[in-house]
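This briefing goes through a single model, topic by topic. It covers the annotated domain, the ligand surroundings, the nonpolar core and some backbone details.

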Amino acid sequence: MLEVIDHPVIQTELSGLRDRDCPSREFRARVRRVASLMVPAVTAGLETRPIACETPLEVTSGVELARPVVLAPILRAGIGFLDGFLDLLPDASIAHIGLARNEETLQPEPYYFKTPPDLGDAEVIVLDPMLATGGSVSEAIRQLRDSGATRLRFACLVAAPEGVKAIESEHPDLPIFTAALDRCLNAKGYILPGLGDAGDRIFGT
Ligand SMILES: O=P(O)(O)OC[C@H]1O[C@H](OP(=O)(O)OP(=O)(O)O)[C@H](O)[C@@H]1O
Ligand SMILES: O=c1cc[nH]c(=O)[nH]1
Ligand SMILES: [Mg+2]
């Protein structure tokens, strides 16, 4: 269920993000642009329903999304990825999922979870720029499913093959969208070649 969104403008932005000298201000702006550019692919296939549409000249038929959209950023770095999605999906509600990856065990440690009601009616798009071991996304999907979500997809900027494999085994029906599928993880669980610590680069920490 993996789609690598191989678009020349996205790949150009991503190359800028990989540059170690890209300052926080530019990094944030680039992440926002890539996120927006990914929206058409990530939302492709969302169900629509017909509506009547009154132009200045006559009534015609139009469509609207059949279900509400919930964007679910994994804190912190997912917050940096959120604005570009909101730019194109301004009516979406937001679910915040706080997970910190333990630097020694690489296991995600939950610290916050707050979602809009009625997740079962919604199209939920989980956002995190980095898919490394897959532990954080897996935990987020588990929490969302426990809260009633049934229609889920996941978008990231950079994925490691190890993380994709883990998600495909734990959540085989989850569509995964990424701007890049990188080579592997290093001994500390960082993606190679990657772009470093996305949270630190977005927030300047
Ligand atoms: O696939 P995984 O191995 O779980 O790793 C990926 C996670 O690690 C990073 O978050 P981190 O926990 O460092 O938190 P931050 O976003 O607050 O920096 C990143 O933003 C992902 O959430
Ligand atoms: O390479 C990585 C892996 C996890 N989290 C990041 O921010 N970067
Ligand atoms: Mg981090």
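UniProt positions are given here in the numbering of this model, with feature names shortened, and such annotations may be inferred rather than shown by experiment. With that reading, an unreviewed UniProt entry places the feature "domain: Phosphoribosyltransferase" at residues 4-205. The model is predicted.

**Annotated span**
- Residues 4-205 are 35% helix and 31% strand.

**Ligand 2**
- Around ligand 2 lie A77, M130, A132, Y190, I191, G194, D197, A198 and G199.
- The shell of ligand 2 splits into 6 nonpolar residues, 2 polar and 1 charged.

- In soluble globular proteins, nonpolar side chains tend to be buried together.
- The largest nonpolar core in this model has 49 residues, and A72, V124 and V126 have the most contacts inside it.
- Strand β10 (residues 151-159) gives the most to this core, with 7 residues.
- Beyond its neighbours within four places in sequence, V124 contacts V70, A72, L119, L144, A149, R151 and L152.

**Cis peptide bonds**
- The L75 to R76 peptide bond is cis, with omega near -5°; R76 sits in the loop between β4 and α3 (77-88).
- A cis peptide bond also joins L192 to P193, again with omega near -5°, and P193 is in the loop between β13 (191-192) and α6.

- L106 is not a glycine, yet its phi is positive, at about 65°.
- The position of L106 is in the loop between β6 and β7 (108-114), and L106 counts as partly exposed because 14 other C-beta atoms lie within 10 Å.
- D118 also has a positive phi, near 60°, in a residue other than glycine.
- The loop between β7 and β8 (123-127) contains D118, which counts as exposed because it has 12 C-beta neighbours inside 10 Å.

Technical notes:
Residues numbered from 1 in each chain as written. Chains lettered and ligands numbered in written order. Predicted model: local features only at pLDDT ≥ 70, side-chain atom pairs only at ≥ 80, totals over all residues. Near = placed C-beta within 6 Å. Nonpolar A, V, L, I, M, F, W, Y, C, P; charged D, E, K, R; others polar. Core = buried A, V, L, I, M, F, W, Y, C linked by C-beta atoms within 7 Å. Buried ≥ 20, exposed ≤ 12 C-beta atoms within 10 Å, placed from the backbone. Helix = DSSP H or I, 4+ residues; strand = E, 2+ residues; numbered from the N terminus. Contact = placed C-beta atoms within 7 Å.
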